[in-house]
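Please open the model in your viewer and keep a selection tool at hand.

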Amino acid sequence: MVQISYSGFMNEQRIRQELLERFTRYTAIDTQSSLERADAGIQPSSDGQRTLAELLLSELKALGIPDVSVDEHSYLLARIPPTPDSETVPPFGLCAHLDTALDAPGKNVRAQLHEKYDGTILDIGNGLILDPDENPELAECIGHTIITSDGTTLLGADNKAGIAGIMTLISILGETGTAHGPIEVVFSPDEETGHGMDRIPIEKLKSRAFYTVDGGAEGELETECFNAWKCEVVCTGVAAHPGTARGKMVNAVAMAASFVQSLPVRESPETTSGYEGFFYPLEMNASCEKAAISVYVRDFDLAVMERRLDRLDCIARAVEAQFPGGTVSVTRTRQYLNMKEKLDQVPEVLEILKTAATRAGISVRMKPIRGGTDGSRLTEMGIPTPNIFTGGHNFHSRTEWASLDQMTAMVRTLVELTASWREYHVLIPC
């Protein structure tokens, strides 16, 4: 059978322009989520996420999408109707998240263009540079249009590149009349806090499979991620006047410092890569009487994860022994699981995506996600959800950047995915 490349008929320059306009419009909205508010059950955890959701709602209505809504928690659900010859095709879904990360400032993002990148060091502002010797993915983008912030904030490609790509896809489908079945689109809040799927209206979804559009470099498709736990460590001491503290005081600040110091240095985010897991002490609030530490624990192997969690309990007992009269508690909360096992049970979902990428002229690269996506949780819930690249890089930092050329390749892949799904959905078990 001859495979037709639908994206080959796209006006690529026009697509680049629309992508850029959408991306810069979305990144200008401050949608940083709040871990404290999200952990307290407040969703969305920031007002900017609702602002962006309402903007996307109005844009989708302007594109002629009749079935689109935003609920009280800022989940946007849109249903793209099928073309007249494709009503019997079962739907598939696309997902991206509204919020940006908490690791760097996210307010007043000012996107900058660096056109026809020549392979030299990029001065992005605020004393920050992008050196291709330290960023090998940048060295692969000579001739591309590179987008950065001005160095005072993150850029927000994670995940507004994905949102811009999905919105541009919908625009293309409406203009070109490309044959496709029904498509469900979800834009979700609070992914960066680990709460992105807490209140998703799962009962309303009809898709056999979803695809998150939340990855990195061109061609990267992902079907495996960390297993993830968040551990709340509470050190309880005994307060006393420092002048008469001998034999009385048990300093919870010192206990917390000892706990963090006992975490293995060679198993931290900054010393690991590939399939290596880690302990990540994320936040600490401490006084003499009580100290609280949030520790993220990550590993691809569930059995190794269990040993990591047990190790935290062992460290807690050791700190108690070091500080008689003090106590240390560790409370575990599972955030998401590695989606690989469940995705391996329906390999056709990935094969359709690979076919789409190949048709779009993309060289496919499979790699693990050193993190998680909303797709991790959706897969747990029974909807297999691989991840698609967006062209974004250096996420969660002031040196975050995106390639407009790779973002355009993302859109080509999404166009081909709609066509490939229409042809090959029959391969997926009902």
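Does Lys116 count as buried or exposed? Select Lys116 and colour by accessibility: at 69% relative accessibility it counts as exposed, where exposed means over 50% relative accessible area, buried under 20% and partly exposed in between, with a 1.4 Å probe and protein chains only. Before going further, note that this is a predicted model, in which local features need pLDDT of at least 70 and side-chain atom pairs count only at pLDDT 80 or more, while totals for chains, interfaces and linings use all residues. Residues are numbered from 1 along each chain as its sequence is written, and side-chain values use heavy atoms, with hydrogens and water left out.

**Backbone stops**

Lys116 lies in the loop between strand E4 (112-114) and strand E5 (122-125); here helices (H or I, at least four residues) and strands (E, at least two) are DSSP runs, numbered from the N terminus. Although Lys116 is not a glycine, it has a positive phi of about 50 degrees. Most residues other than glycine have a negative phi, and most peptide bonds are trans.

Next select Asp190, in the loop between strand E8 (183-188) and strand E9 (210-213). Asp190 also has a positive phi, of about 65 degrees, without being a glycine, but at 0% relative accessibility it counts as buried.

Then display the peptide bond joining Gln43 and Pro44, which is cis with omega of about 5 degrees; Pro44 is found in the loop between helix H2 (35-39) and helix H3 (47-62). A cis bond also leads from Asp158 to Asn159, with omega near 20 degrees, and Asn159 is found in helix H5 (residues 157-176).

**Strand E13**

Now select residues 290-299, strand E13: eight of its ten residues are buried, so the strand is largely enclosed by the rest of the structure. E12 and E13 form a hairpin with three residues between them.

**The whole chain**

Finally, show everything: the protein has eleven helices and 18 strands, and its C-alpha atoms fill a box of roughly 80 × 50 × 35 Å along the principal axes. Buried residues make up 57% of the 430 residues.

Technical notes: Two strands pair if DSSP finds at least two bridges between them.
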